[in-house]
Amino acid sequence: MPALEQKLKEVFGYDTFRPHQREIAESFLAGRDTLAILPTGAGKSLCYQLPALVRDGLTVVVSPLIALMKDQVDQLTASGVAATFLNSTLDSAEARKRFAKLYAGEYRLLYLAPERLMLPEFLPKLAEWGMKALAVDEAHCISEWGHDFRPEYRRLREVRERFPGLPLLALTATATPRVQEDIRTQLELRDPEIFLASFNRPNLNYRVIPKSKAAAQVVQFVRERSDEAGIVYAQSRRMAESLAAALCEAGIKAAPYHAGLEAEERSRNQEKFLRDDLQVICATIAFGMGINKPNVRYVIHADLPKNVESYYQETGRAGRDGLPSDCLLLYSRGDVVKYLRFFEEITDLQARREARVQLEKMTHFAEDERCRRVSLLGYFGEDWTEENCGACDQCLAPREKWDATMDVQKLLSCVLRLRQKSGFSTGLQYAVEVLTGGKSEKILRWGHETVSTYGVGQEHPRAYWVDLGRQLLRLGLLEASEDKFATVSVTERGVEVLRAREKVALTRPMVKPREDTAGPKKRRARSGEVACDEGLFEVLRKLRAELARSRNVPPYVVFSDATLRHMARAYPRDEMALLQIPGVGERKLSDYGQVFLAAIGGWLSTKPRQQFAGG
Ligand code: ADP
Ligand code: ZN
């Protein structure tokens, strides 16, 4: 068995590589500079951890946050890997102990923050400690275009100068090409092998529903998922607070997380969440990085995110362990209007325009009638062609299409006529007012009650026409000006449609929340699903929580949810069988094997064994 594969099984307990893992590990091991761009949950850590176990000497890993480093080291230690980190939180006795072991060559992996790596006295030490390779995690931190710019990352190239032959592996989950290019040039990667995976997250289910009473909607959604962990994102501290309060009131263990809380309270809430002592965190965007929790089962956006990138990043925190997880967006036009008002205060015109464009893309995503994957991945330039993804609201319950030709004609010609009459364009709301025969002072002043389309749309309420107008904006038959007046005009394409009386099919607006078609009750196999004995899974989960508490680590350090589900499916009765379970390596077998076997045996002494279809 090739060395990498052997370590994969022996140490981490996995039989097969995830896509790209083997190739990335091989490239890095062969001494090549390598750039790995893989979505969250793809298993980037193993790409440098496995080579570190196979090659001689020390692999140094640059990581931006103390919490992340500690988490990784805890997980490695639990798998029997000699790994450590150095940072300012260590007392001097502990630091000395680690230094001594580094000099003795006892560690395979050393995690460091970049500012520490760059201390003048540090680089020579790395040579003495036998550094043989460098992995740069969260490499997008090097880019100003990214979402977490860390200037210290810029100095990593100095390591290259000092250790010219050192192979470097840069890893990121950032999908933006601009950032990817920046990583490449800033790190001065030499003829790197580049691995770019699809950004699709097959185990995530996407859903958008109209926001009505956010707190009640959130509470209902969470209630349907008893015991499962989730993150609720809100745009304001107040909203985060009130959602957390509403959840607590409903008997759910929830807490807020935002920049207005004392640092201590924030980290306490985060820690509790990691340890499954809190079920839900209601966070502003300040929460996210540094969260490695693999069993986040859902992410709710109670407010509209400002751009698609944030939405992708934030929803991406669900389901890192590959099990099915849900992303719910509560959408309201009111949020859009609120943002537009905020944007008025941006003085830099270029920045203001950029913010608007970003927001518009986000709005389009929410209002789009296509598969959520098609629009989400399309935003990052990925061409997703699968007919029906089976895991988004649009594919599971397609919205009704209807022939809107007549009404499209009415609205487009109304916009054209207004412009012809007055020589200037108006906003959509105003055009709709004219179309529905409004009698406002403005209409009379400008004489718009005399245009031929005045009042021809009275059979529908205004909201109907506004929604129709927005669909036309999205389809490119109308366009809005970029200034704050957002006046609409008919595009060339729109004029063509109008002239040729082309048929236009539109989708019904989202008026009421559709049925929870993708909720937990639906018995349709979902990507990543591991059907198992839920009763036994609960028992194993409790056991895991106790073990984790006694060892003072988060539960997922003991075993992942996926591993427990596999156990509750295969009912292993001896060590050989337990070793077949994904995620059970040799160290964990010897540490935890007996307790888990006893629990499974105990369960089977009173309960029947269930059968599960498929692999
Ligand atoms: P990323 O850093 O890309 O977000 P992680 O390295 O945190 O992903 O891995 C995500 C999860 O997938 C972890 O729980 C990890 O144990 C698991 N995992 C990684 N590689 C494999 C594999 N080959 N088979 C099964 N599970 C894996
Ligand atoms: Zn879909």
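Before the first helix pair, a definition: axes are lines fitted to C-alpha atoms, for helices over the stretch in contact, and angles run from 0 to 180 degrees between N-to-C directions. Two packed helices are described by the angle between their axes and the distance between the axes. Please keep in mind that this is a predicted model.

So, the first pair. Helix H19, residues 428–435, packs with helix H21, residues 462–475, at an angle of about 130°, and their axes are 9 Å apart. That angle makes H19 oblique to H21. The crossing of these two helices is right-handed. On the H19 side, the residues in contact are Leu428, Gln429, Val432, Glu433 and Leu435, and they meet Arg462, Trp465, Val466, Gly469 and Arg470 of H21. Sorted by class, the contact of H19 with H21 has five nonpolar, two polar and three charged residues.

H19 has another partner, helix H18. The axes of H18 and H19 come within 10 Å and cross at roughly 105°. How are H18 and H19 oriented to each other? Angles of 65 to 115 degrees count as roughly perpendicular, and H18 and H19 are therefore roughly perpendicular to each other. From H18, the contact takes in Lys410, Leu411, Cys414, Val415 and Leu418; from H19, Tyr430, Ala431, Val434 and Leu435. This contact of H18 with H19 divides into eight nonpolar residues, no polar ones and one charged. Leu435 of H19 is listed in the contact with H18 and also in the contact with H21.

Staying with H18, residues 405–422, the next partner is helix H22, residues 492–500. Those two pack at an angle of about 120°, with axes 10 Å apart. That makes H18 oblique to H22. H18 passes H22 in a left-handed crossing. Gln409, Leu412, Ser413 and Leu416 make the contact from H18, and Gly494, Val497 and Leu498 make it from H22. The classes here are four nonpolar, three polar and no charged residues.

Now the ligand. Which residues are closest to ligand 1? There are 14 residues around ligand 1, and the closest are Tyr14, Gly41, Lys44, Ser45 and Arg320. A polar backbone atom of Gly41 is 2.6 Å from an oxygen atom of ligand 1. For Gly43, a backbone N or O atom lies 3.0 Å from an oxygen atom of the ligand. Lys44 uses its side chain: a polar atom there lies 2.8 Å from an oxygen atom of ligand 1.

Last item, Glu5, which is found in helix H1, residues 3–12. Leaving out residues up to four places away in sequence, Glu5 touches Phe17 and Arg22. With Arg22 there is a polar contact of 3.4 Å between the side chains. The C-alpha atom of Glu5 is also 7.8 Å from that of Thr16, eleven residues away along the chain.

That is the list. I can go back to any of the helix pairs on the screen.

How values were computed
Residues numbered from 1 in each chain as written. Chains lettered and ligands numbered in written order. Predicted model: local features only at pLDDT ≥ 70, side-chain atom pairs only at ≥ 80, totals over all residues. Heavy atoms only, no water. Helix = DSSP H or I, 4+ residues; strand = E, 2+ residues; numbered from the N terminus. Parallel < 35°, antiparallel > 145°, perpendicular 65-115°, else oblique. Left-handed = near helix turned anticlockwise from the far one by under 90°. Contact = heavy atoms within 4.5 Å. Nonpolar A, V, L, I, M, F, W, Y, C, P; charged D, E, K, R; others polar. Near = heavy atom within 4 Å. Polar contact = N/O pair within 3.5 Å; in protein donor to acceptor, adjacent residues only side chain to side chain.
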